[in-house]
Amino acid sequence: MINVVIFGPPGAGKGTQSKKIIEKYGLKHISTGELLRAEIASGSELGERIKAIIDKGKLISDELITDILTKELENLGNVPGVIFDGYPRTVNQAEILDRILAEWGTEVSVMFDLEVEEEELVKRLLKRAEIMGRSDDTIDVIKKRLQVYHKKTEPVIDYYKETGKYKEIDGSGTIDEIFSRIDKVLQDLSQ
Ligand code: AP5
Ligand code: MG
């Protein structure tokens, strides 16, 4: 299996590049953000609690995220691998993911860290707000999401550096330019 962690701050292009990777490599996309938004859209009481946290730009608890992830992986079927988008977001989640994958006899193949300047991130997210209307794409919540990213999520970078899985990717330029940087690494891995 090729298991990819696609990592980066809000607006870095994790979802956008996941789509390109799936088109070429047929991996299964697991975006914890999308799974949480689906729970909100279902109108459940759990969804209401999740929405309150997301709309403050804070993180959902590692326990709940692990439950959601485990359910997704149980229904995986036969796939050539998985793209984890927006997960892991804490060092604890990274350790949990390693344990879960080890139980399956597999592991993270590579972690792509999309590096984009903060000004560009905010610009992209405010532009998306006009099109998609995601409730956490307001300037105040974007600022909070970036703070939470620096404090809780950035330490995940060192975790993957230590395991030798870390690949920094210049996340600026066109979508295709960025994908070709990612694809170079994936081509080497799948040989
Ligand atoms: P999540 O849904 O993961 O959001 P995020 O990390 O804030 O990232 P985004 O989805 O906003 O950005 P992206 O990197 O996917 O960029 P995209 O490709 O869309 O999480 C949302 C919330 O859920 C969290 O805040 C948290 O509360 C909770 N959550 C989720 N996972 C969790 C976890 N594991 N633990 C705890 N809580 C969790 O691109 C952005 C925009 O830019 C798009 O409009 C796109 O079209 C555009 N764009 C992309 N590439 C380019 C380019 N090269 N040039 C110009 N525009 C571009
Ligand atoms: Mg996304």
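Modeller: Start with a helix pair: Tyr-149, His-150, Lys-151, Lys-152 and Thr-153 in H7 meet Pro-155, Val-156 and Ile-157 in H8. Contact means heavy atoms within 4.5 Å; helices (H or I, at least four residues) and strands (E, at least two) are DSSP runs, numbered from the N terminus. This is a predicted model: local features need pLDDT of at least 70, side-chain atom pairs count only at pLDDT 80 or more, and totals for chains, interfaces and linings use all residues. Residues are numbered from 1 along each chain as its sequence is written, and side-chain values use heavy atoms, without hydrogens and water.

Colleague: At what angle do helix H7 and H8 pack?

Modeller: Two packed helices are described by the angle between their axes and the distance between the axes. Here H7 (residues 139–153) and H8 pack at about 40°, with axes 5 Å apart. Axes are lines fitted to C-alpha atoms, for helices over the stretch in contact, and angles run from 0 to 180 degrees between N-to-C directions. H7 and H8 are therefore oblique to each other (under 35 degrees is roughly parallel, over 145 roughly antiparallel, 65 to 115 roughly perpendicular, the rest oblique).

Colleague: Which residues have the most contacts inside the largest nonpolar core?

Modeller: In soluble globular proteins, nonpolar side chains tend to be buried together. This core has 29 residues, and those with the most contacts inside it are Val-5, Leu-69, Phe-84, Leu-97, Met-111 and Tyr-160. A nonpolar core is a set of buried Ala, Val, Leu, Ile, Met, Phe, Trp, Tyr and Cys residues joined through side-chain atoms within 4.5 Å; buried means under 20% relative accessible area, exposed over 50%, partly exposed in between (1.4 Å probe, protein chains only). A second, separate core of 23 residues includes Tyr-25 and Phe-179.

Terms used:
Chains are lettered from A and ligands numbered from 1 in the order in which they are written.
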